[in-house]
Amino acid sequence: MSDATAIAHANLALSKYWGKLRAAGNFPAVPSLSVTLSGLSTRTRVRFREELREDRFLLGDAEVLGAPRARVVELLDRVRRASGESRRAEVTSHNDFPTASGLASSASGFAALARAAGRAAGLDWAAAKVSDLARRSSASAARSVFGGFVELEAGSDEARESDFLSARPVAGADHLPLGVLVCVTTEAEKPVSSTEGMTLTMDRSPFARAWLEEAPRLHGRLARALAVGDFATLGELAEASALAMHASAMAAGVLYWNQGTLAAIARVRSLRAAGTAAYVSIDAGPHVKVLAMRADLARVRGALEDTAGVERLLEARPGPAARIEEAAS
Ligand code: PMV
């Protein structure tokens, strides 16, 4: 076995991860809970090959160099150390959503890479081990290894680089009949990566401590609302988590929003005032993700379609875990 392909989906954090522990190892400073999304997937093939002198990374058929390639090589090095595989690899990756729009997801990307690289190196790892591997590259990717609703705890204060931390599924994809509408508010790439944004927030925001204290409380309440299937409370808490995360970032000068972001938020609030349970979430970019029950989705979609600044809409639902695509024989 030296060739494997995996598919993984992006996820939307309902309670947000924002901030890393200072210790090495990429441990989140706060717990998070996400829903894996059926749309927005990455398909990644990893082939270890004798003739390669260096790892190669192709994204959407274009060779990737520099820092993004280095992050891929780091994950491959971990897999080589764990498996004894010594060959270099060719990694080819495709997103089924436009990569240049700032929606490019490190979550689906590193979940698919971790799954495929482990299998190609002959490691027969359980999902939790794959999730721990993915977390070391991108903490949100640890969650995309699983389907449905997924939790990732914060790292412990005494965490050491070698410590294990994986995400875990807490409810299946059919637990709530949810829909997610992604309002794309620009086609431009995001100016500040999530890692950079988190570091600036932790170093400079006067509200960093408030965020670190509030995030676990919101998370705990949100996990309970999810467990009892209380969508209205879940939505309110998800919106509160996103707004608190962005408020802490903004106070450090990290501003991801544009006019479309504000217009979409206002639209969702007016829908809510008129009786439709719809809520917003926003990640490290200007796009707005709207949560609603599936029965209300057409109405919410109609309202957002003619909101100025919303360029297009993508639709997703709770989706499946990362998985190996068996080669057609
Ligand atoms: O895992 P990263 O480095 O892509 O960071 C993800 C950060 C957010 O998307 C903003 C929040 C989250 O929990 O996914």
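Which element gives the most to the shell around the ligand? That would be α4, with 3 residues. Before going further: this is a predicted model, where local features need pLDDT of at least 70, side-chain atom pairs count only at pLDDT 80 or more, and totals for chains, interfaces and linings use all residues. Residues are numbered from 1 along each chain as its sequence is written, and side-chain values use heavy atoms, with hydrogens and water left out.

**The ligand site**

The ligand is surrounded by 14 residues, the closest being Y17, S106, S138, S140 and R143 (a residue is near if one of its heavy atoms lies within 4 Å). By type, the shell divides into 7 nonpolar, 4 polar and 3 charged residues; Ala, Val, Leu, Ile, Met, Phe, Trp, Tyr, Cys and Pro count as nonpolar, Asp, Glu, Lys and Arg as charged, and the others, Gly among them, as polar.

| Residue | Protein atom | Distance |
|---|---|---|
| A139 | backbone N or O | 3.4 Å |
| S140 | polar side-chain atom | 2.7 Å |
| D283 | polar side-chain atom | 3.5 Å |

On its own the ligand has 380 Å² of accessible area, and the protein covers 92% of that (Shrake-Rupley method, 1.4 Å probe). Two or more residues of the shell come from each of α4 (139-144) and α5 (194-204); helices are DSSP runs of H or I with at least four residues, and strands are E runs of at least two, numbered from the N terminus.

**The sheet and its helices**

Now for an open sheet: 4 strands in the order β9-β10-β8-β11, with antiparallel pairing (two strands pair if DSSP finds at least two bridges between them). β9 (278-281) and β11 (312-316) are the edge strands, each pairing on one side only. From one strand to the next, the twist averages 25°; axes are lines fitted to C-alpha atoms, for helices over the stretch in contact, and angles run from 0 to 180 degrees between N-to-C directions.

β9 is joined to β10 (residues 288-293) by 4 bridges, and V280 sits opposite V290 in β10. Helix α8 (residues 259-273) lies across β8 (178-184), β9 and β10, at about 155° to β9, with contact meaning heavy atoms within 4.5 Å.

Note on methods: Polar contact = N/O pair within 3.5 Å; in protein donor to acceptor, adjacent residues only side chain to side chain.
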